[in-house]
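Subject: Structure handover

Hello,

Here is the structure I promised to pass on. Please open it first; my notes follow below.

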Amino acid sequence: MEEPIKVTEAAQIPKQRGEQLLDAAVRYTEERHWDVFPGTWLEAVGGAERCSCGEADCASPGAHPARPDWAGRSTGSGAAARRMWSENPTASVLLPTGRTFDAIDVPESAGFLALARMERMNLPLGPVTCTPGRRMLFFVLPGAAAKVDDLVRKLGWSAAAIDLSGRGDGDYVAAPPTRVGGRGAVQWARRPTPANRWLPDATEVISPLAYACGREAAAARARLS
């Protein structure tokens, strides 16, 4: 099994370069058949980096859609992706969910706990990302976002209460090596490989994910009491 990376505050994040973004976007289309689209980018303004959207307090600087018609501009063509990023080499690499995959979004601490447990159980796993916002995204078959609340409820939890959610149709995720402001870059906890080309269904991974999120939520409540 592939060992998950440990992401810490001290982790050294390489400077985001245009060629890395272009190569990654093309690779996702050609090797994984994922749709991609270019998002915002980071600009130097007054000695600091700001999002190209112009908002000083942007919640996701350099890592969100640059225009409202982003869904229609998404492409699964390597040639089209190469053309898009050649025009703007520093644009973030974003992947629309609800097409070839959905994503289950959990806190990083719970995600690593669940990932270790699922590997011990030899459960099927798809790619997993870590974000600078200390979230982990587990890639699963499309349709997960629509049923994740019900699946978690049947296990005895509320998805909102344990900070677990699904990203599906109409949403997107930022893909490595996209950098989110000065916080760092999105990274792979489990890289896309030929072995995980076939994604699991949400029903195969929801139990360990919900258990880990429930445990972390209970610990957080205990610390506050």
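Of the 225 residues of the chain, 48% count as buried. Bear in mind that this is a predicted model.

Overall picture

The chain holds six helices and 10 strands. Its radius of gyration is 17 Å, close to the 17 Å that the globule rule gives for 225 residues, so the chain is as compact as a globular protein of that length. Along the principal axes, the C-alpha atoms fill a box of roughly 50 × 40 × 30 Å. Take the contacts in the chain with a separation of 6 or more: residues 24 or more positions apart account for 80% of them. The chain exposes about 11,000 Å². Carbon and sulfur atoms supply 51% of that area.

The five-stranded sheet

Look next at the open sheet of five strands. The order is β8-β5-β7-β6-β10, and the pairing is antiparallel. β8 (165–167) and β10 (187–190) stand at the edges. Each has a single partner strand, so one side of each is left without a neighbour in the sheet. From one strand to the next, the twist averages 30°.

Strands of a sheet pair through backbone hydrogen bonds. Here, β5 (residues 102–107) and β7 (residues 135–140) pair in the antiparallel sense over six bridges.

Helix α6 (residues 202–224) lies across β5 and β7. α6 runs at about 10° to β5. With 23 residues, α6 reaches 31 Å from its first C-alpha to its last, close to the 33 Å expected at 1.5 Å a residue.

Which residues of α6 are buried? They are Ala202, Val205, Ile206, Pro208, Leu209, Ala210, Ala212, Cys213, Gly214 and Ala217. What do the buried residues of α6 pack against? Their partners are β5, α4, β7 and α5 (144–154). An α-helix has 3.6 residues a turn, so residues three or four places apart point the same way. Keep that in mind when you view the buried set.

Two alanines to look at

Ala91 lies in the loop between α3 (78–87) and β4 (93–96). Leaving aside neighbours within four places in sequence, Ala91 is in contact with Leu21, Pro38, Gly39, Thr40, Trp41 and Trp85. Ala63 is 28 residues from Ala91 along the chain. Their C-alpha atoms are separated by 8.3 Å.

Ala174 lies in strand β9 (residues 172–174). Its relative accessibility is 15%, and the cut-off for buried is under 20%, so Ala174 counts as buried. Not counting residues up to four places away in sequence, Ala174 touches Val93, Leu94 and Val186. Ala174 and Ala185 are 11 residues apart along the chain, and 9.6 Å separates their C-alpha atoms.

Over to you.

Best wishes

Notes
Residues are numbered from 1 along each chain as its sequence is written. This is a predicted model: local features need pLDDT of at least 70, side-chain atom pairs count only at pLDDT 80 or more; totals for chains, interfaces and linings use all residues. Side-chain values use heavy atoms; hydrogens and water are left out. Two strands pair if DSSP finds at least two bridges between them. Helices (H or I, at least four residues) and strands (E, at least two) are DSSP runs, numbered from the N terminus. Axes are lines fitted to C-alpha atoms, for helices over the stretch in contact, and angles run from 0 to 180 degrees between N-to-C directions. Contact means heavy atoms within 4.5 Å. The expected span of a helix is 1.5 Å times one less than its number of residues. Buried means under 20% relative accessible area, exposed over 50%, partly exposed in between (1.4 Å probe, protein chains only). The radius of gyration is taken over C-alpha atoms; the globule rule is 2.2 Å times the number of residues to the power 0.38. Accessible areas come from the Shrake-Rupley method with a 1.4 Å probe; for residues, only the protein chains shown count as cover.
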